[in-house]
Amino acid sequence: MTLTPVQLTRPASVTDAFLQQLIARVPGGSPWRLTEVYTGELLVELPQSTPDDIEQAFAKSRAAQRQWALTSIKDRLAVFKRAHTLFVDNARTVTDLIQVESGKNRLMAIEETCDPPMVMSHYLKRAAKLLAPTKRGGPVPMLTSSTEIRQPKGVVGIIAPWNFPFATGISDAIPALMAGNGVVLKPDNKTALSPLYGIQLLEEAGLPEGLFQVVCGEGPDVGPTLIDNADYVMFTGSTATGKVIGERAGRNLIGCCLELGGKNPMIVLADADLDAAVQGAIFGAFGNTGQICMHIERIYLPESRYDEFKTAYVAKAQSLDVRAAYEFGPEMGSLVSVEHMKRVMSHVDDAVAKGATVLCGGKPRPDLGPAFFEPTILEGVTKDMLCGVTETFGPVVALHKYRTVDEAVALANDTDYGLNASVWGSDITAARAVAARIESGNVNINDILATAYAAKGTPSGGFKKSGVGARHGDQGLLKYTDVQNMAVLKKQVMGPRPGQDPDKYVTSMLSGLKMMRRFRIR
Ligand code: NAD
């Protein structure tokens with residue numbers, strides 16, 4: 001395979017001076033070559049942080065965090081009100097950075113920039129209530145009280161992947177910071193630029209300098225020191241790495257949230273609007289070049305509508321505008337790297353070698369750019385194939401037939417993963433009943449993923465091997481806090497009085513329990 005250099009003019013905002021300014025906050029030496037995905041050309045030499053750099057980053061964040069935790073919630077939230085405006089006003093520059101470092105198409109990149117403002121909006125409305133001390137009442141009415149007090153964990157380590165570098169790098173930090181924590185972020189080396197700019201914008205909005213640190217390096221080099229210094233770890237990435245992170249966090253007795261991979265099914269019911277389902281499946285399989293944790297890799301169709309769906313779906317996939325451009329237009333961009341493209345190709349080659357049929361695509365496209373791969377639809381995929389069981393994480397999807405809805409549900413659940421699922425049908429009640437039977441942290445009806453992911457008030461996480469814990473919702477902020485149970489006793493009435501007959505004490509204690517139940521005393 002020959003790699004043909006692609007001639008493109010980089011977005012005007014992505015100047016060498018801007019890139020140097022962004023990486024100036026990364027401690028370290030022995031740089032890593034961060035390249036432009038569409039061309040393979042060097043963008044900037046990214047410093048790689050040593051264990052010593054990481055320890056110092058935590059020390060700086062911890063020093064700033066002490067003051068930040070004492071800052072009133074009103075003043076902390078004021079930073080994010082200003083940040084919201086700055087993030088929206090600078091969305092196009094963020095889009096430029098996301099595109100050069102990830103190779104995704106422009107529409108997908110600008111949609112990614114919307115995520116941190118949406119998270120800010122949600123928690124701006126909710127954080128003060130969640131973080132306010134809550135009186136719970138004590139065991140003896142009037143004489144005791146107990147108050148739930150939320151304390152920040154300290155400094156949170158965030159490890160982010162490359163597929164949504166800005167969303168995962170920044171959005172997960174927002175509730176942590178609002179709750180009074182410091183943050184040390186480790187983005188993926190390939191996609192460190194957009195989160196670095198996000199931190200710059202947060203500081204322009206008034207986030208204290210030093211509070212939000214960044215360290216860079218390969219995961220196995222940076223991970224251990226980062227986890228050993230953190231008070232909590234927020235990880236987004238593959239299931240394999242999630243196990244490594246979870247093990248180390250467990251040894252250190254710190255909490256962690258693990259947002260991992262998926263092998264997400266789409267079930268099309270017999271009464272579904274097929275045009276809408278086909279359009280949905282195009283985004284589900286090929287949006288972000290198939291590199292969305294919640295995207296669709298398996299489509300289950302009723303026998304009666306299989307051929308109709310297949311014909312329309314293949315035709316649409318073949319007509320997609322796939323190319324490198326920093327303008328709007330292309331419907332699909334590049335995969336993130338040549339290495340990842342080869343992994344995706346190996347899944348397709350393995351499936352074909354074991355008997356699967358390629359209905360369209362199936363090949364790399366070096367003429368479009370070093371890491372381009374065609375939108376690929378397969379038929380005849382079985383569980384002895386790599387793409388039959390493990391996440392491919394590329395623009396590759398398999399079509400399957402089912403005879404009964406029970407069979408469709410069983411097939412959808414026949415996986416170790418449980419991140420997202422999509423059910424399509426005109427009868428919403430019937431579709432809901434099917435959705436409820438799917439073992440998955442997110443289920444979208446008549447949509448692929450956006451409705452669930454954009455619902456910031458509801459926790460979003462994975463079942464089975466797709467994760468532990470959740471982001472969004474109350475849980476998405478409270479996980480970054482420790483609970484202090486502050487209890488006050490005004491007069492000692494619990495326990496036997498001096499000289500009291502133990503039998504009498506036990507009798508009065510037991511009747512007290514009955515009273516508490518009857519009068520619903522907490
Ligand atoms: P990955 O697990 O290889 O890497 C993710 C991050 O972890 C990177 O920053 C990487 O440098 C770091 N890392 C790797 N090994 C490490 C180690 N031993 N210790 C500490 N850090 C380490 O995943 P990836 O290939 O970069 O990302 C794609 C995966 O992420 C897919 O599986 C996708 O489904 C998943 N993902 C999940 C969600 C979600 O919300 N559930 C969102 C986005 C991506």
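Which residues does H122 touch, not counting residues up to four places away in sequence? In this predicted model, H122 touches K456, G457 and G473, where contact means heavy atoms within 4.5 Å. H122 is found in helix α6 (residues 115-131); helices (H or I, at least four residues) and strands (E, at least two) are DSSP runs, numbered from the N terminus. At 17% relative accessibility, H122 counts as buried, a term that stands for under 20% relative accessible area, with exposed meaning over 50% and partly exposed the range in between (1.4 Å probe, protein chains only).

The model is a prediction in which local features need pLDDT of at least 70 and side-chain atom pairs count only at pLDDT 80 or more, whereas totals for chains, interfaces and linings use all residues. Residues are numbered from 1 along each chain as its sequence is written, and side-chain values use heavy atoms, with hydrogens and water left out.

Several helix pairs were examined. Two packed helices are described by the angle between their axes and the distance between the axes. Axes are lines fitted to C-alpha atoms, for helices over the stretch in contact, and angles run from 0 to 180 degrees between N-to-C directions. Helix α2 (residues 51-70) packs against helix α10 (residues 219-229) with the axes 9 Å apart and an angle of about 30°. The two helices α2 and α10 are therefore roughly parallel to each other; angles under 35 degrees count as roughly parallel, over 145 as roughly antiparallel, 65 to 115 as roughly perpendicular and the rest as oblique. Their crossing is right-handed, a crossing being left-handed if the near helix is turned anticlockwise from the far one by less than a right angle, and right-handed if clockwise. On the α2 side the contact is made by P51, I54, E55, F58 and R62, and on the α10 side by V222, T225, L226 and N229.

For helix α4 (residues 91-102) and helix α5 (residues 106-113), the axes come within 8 Å and cross at roughly 125°. That angle makes α4 oblique to α5. The crossing of α4 past α5 is right-handed. Residues A91, R92, V94, T95, D96, I98 and Q99 in α4 meet R106, A109, I110, E112 and T113 in α5. A further residue that touches V94 and I98 is S194, which lies in helix α9 (residues 193-204). Beyond residues up to four places away in sequence, the contacts of S194 also include L97, E101, P165 and F166. S194 is buried, with a relative accessible area of 0%.

Strand pairing was considered next; two strands pair if DSSP finds at least two bridges between them. An open sheet of 7 strands has the order β12-β13-β14-β11-β10-β16-β17, with mixed pairing. Its edge strands are β12 (357-360) and β17 (442-445), each of which pairs on one side only. On average, neighbouring strands of this sheet are turned by 25° against each other, direction ignored. Within the sheet, strand β11 (residues 296-302) and β14 pair in the parallel sense over 5 bridges, and R298 has A398 in β14 as its bridge partner. Helix α12 (residues 274-286) lies across β10 (264-268), β11, β13 (376-379), β14 and β16 (420-424), running at about 170° to β10. Helix α13 (residues 306-318) lies across β10, β11, β12, β13 and β14, and runs at about 170° to β14. In the loop between β14 (396-402) and α16 (405-413) is T404, which counts as partly exposed at 42% relative accessibility. T404 and L301 are 103 residues apart in sequence and 10.0 Å apart in space, C-alpha to C-alpha.

An open sheet of 3 strands has the order β3-β4-β22, with antiparallel pairing. β3 (134-135) and β22 (481-489) stand at the edges, each with a single partner strand, so one side of each is left without a neighbour in the sheet. Strand β4 (residues 144-152) is joined to β3 by 2 bridges, and T134 stands opposite E148 in β4.

Strand β9 (residues 255-259) is largely enclosed by the rest of the structure, because 4 of its 5 residues are buried. Strand β8 (residues 232-236) runs parallel to β9 and is joined to it by 5 bridges, with M234 having C257 as its bridge partner in β9. From β8 the chain crosses through helix α11 (residues 239-251) to β9, and this β-α-β crossover is right-handed, that is, with the strands pointing away from the viewer, the path from the first strand over the helix to the second runs clockwise. Strand β20 (residues 467-468) runs antiparallel to β9, joined by 2 bridges, and E259 stands opposite G467 in β20.
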